[in-house]
Amino acid sequence: MIPRYVEPLFRPPAEAGSLIFQVAYGCPHNRCRFCGMYKGVPYRPRPEAELFAEIAAAGERYPGTRRIFLADGDVMALGFDRLKPILEALNAAFPHLARVNSYANGSSIAQYDDSELAALKSLRLQTLYLGLETGMQTLLDRVGKTEQITQMVESVRRTQTAGMRASVMVLLGLGGREFSHEHAVRTAETLNRMQPRLLSALRFVPVLGEPFEGFRLLSEAGVVAELLVLVESLELEHTVFRANHTSNPLPLEARFPADKAWLTAELRHVLTSGMLDETGPGFLPAEL
Ligand code: SF4
C-alpha cells in the first residue's frame, strides 16, 4: 500500500478526498493542553530519501491525483529549504496536481519571507489550516499554546496576500463558563482582523482533562450561546464558515457576509427550542 502511514493520522474533514503524505510525524510543539492529537508521538521529520521514493511510487500508481494533504501537525515548521523540494517532487510526480494543503502555526509561517511564500504558492501550496483557538492571549497562554495572536493575524494576512488561503480553526468552550463571553468577543475581533477565507468552529472536548485550573465545562446550550455571540460579532467580508466537525452540537455551514442574518436567527431559534441540554454537555465524542 502506497503511501504508508504511521498512526495516528489526522486530517481536516475537507481533506477526505485528498491523497495524504506524512512528511513528518507528530507536532513540533505538542504542548497544548486541550489537544491530544499527537501526545505520545515524538516529533520527527520523515527521512527525505524515504519520502521522495514514496512520492515517486504514488505518482505512478495514482497519476490522476489533484489534491494532496501533507501531514502531520504544523508542516510549515519544516522550513523553506525542506518544504520546497517536497512540493517540487509532488509537482513532478502528479501532472494534474491542483492543490497541496497542510496544517500550519502562525509562528512557523512567520519564518518565511514574502518571496518564499510566493514560491510555495507557485508550487501549488494552497490552503494552510491554522488553529487560532481563541483571540484571548491570556487564555491561549493558560492552555499552553505558545503562539502570539498578533503574529497569527500577521501570518494569516501574509499567507492570503501571497495568494494562498488560510483556514482558521477556533475552539468553542475553551474558556469554560468563566471566560465564555470574552473568549467569543475577542475571538471574533481577531478573526475580523485576519479575514480568513475559511473559518471552522470546533468544540473543546476535555479528552486530556481540564485545560486550566478551575475550568468549568460549558453546557451544550452554553456552547451554542457562545457561538451566537461569536457570530454576532463577526464582520467578515469573504469567508466560508463551517461548524460541521463531530464535536459540534449543530452541524452548520454559511457564507459571510451574506448568511450572517440567517445564521444568527437559526442559532437564536435553536437556543429557545428546548432541544439543547441546559445543564450538561450533551453528546461528546469520546476522542478527537
Ligand atoms: S493544537 Fe496544534 S500546535 Fe497544539 S499540540 Fe495540537 S497539533 Fe500541536
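The second largest cavity of this predicted model is lined by Leu 172, Val 223, Val 224, Leu 227, Asn 248, Pro 249, Leu 250 and Leu 252. A cavity is a set of points, on a 1 Å grid over the protein atoms alone, where a 1.4 Å probe fits but cannot get out, and lining residues have an atom within 4 Å of a point. In this predicted model, local features need pLDDT of at least 70 and side-chain atom pairs count only at pLDDT 80 or more, while totals for chains, interfaces and linings use all residues. Residues are numbered from 1 along each chain as its sequence is written, and side-chain values use heavy atoms, with hydrogens and water left out.

**Cavities**

- A search of the whole structure finds 2 cavities of 30 Å³ or more; a volume is the space filled by probe spheres set on the grid points, which are joined across faces, edges and corners.
- The second largest cavity holds about 40 Å³ of space, and helix 8 (residues 220-233) gives the most to its lining, with 3 residues.
- The lining of the second largest cavity has 7 nonpolar, 1 polar and no charged residues (Ala, Val, Leu, Ile, Met, Phe, Trp, Tyr, Cys and Pro count as nonpolar, Asp, Glu, Lys and Arg as charged, and the others, Gly among them, as polar).
- The largest cavity holds about 50 Å³, and its lining residues include Leu 172, Arg 203, Phe 204 and Leu 284.
- By class, 6 nonpolar, 1 polar and 1 charged residues line the largest cavity.

- Eight strands form an open sheet in the order 1-4-5-6-7-8-9-10, with mixed pairing; helices (H or I, at least four residues) and strands (E, at least two) are DSSP runs, numbered from the N terminus.
- Because strand 1 (19-22) and strand 10 (252-256) at the edges each have a single partner strand, one side of each is left without a neighbour in the sheet (two strands pair if DSSP finds at least two bridges between them).
- The twist averages 20° from one strand to the next, where axes are lines fitted to C-alpha atoms, for helices over the stretch in contact, and angles run from 0 to 180 degrees between N-to-C directions.
- Strand 9 (residues 239-243) pairs with strand 10 in the antiparallel sense over 5 bridges, and Thr 239 has Phe 256 in strand 10 as its bridge partner.
- Helix 2 (residues 80-93) lies across strands including strand 4 (67-71), to which it runs at about 150°; contact means heavy atoms within 4.5 Å.

**Ligand surroundings**

- Residues around the ligand include Cys 27, His 29, Arg 31 and Asn 105, each with a heavy atom within 4 Å of it.
- The shell around the ligand has 5 nonpolar, 3 polar and 1 charged residues.

Notes:
1 Å grid on protein atoms, 1.4 Å probe; cavity = no way out; pocket = protein on both sides within 12 Å on 5 of 7 lines; lining within 4 Å.
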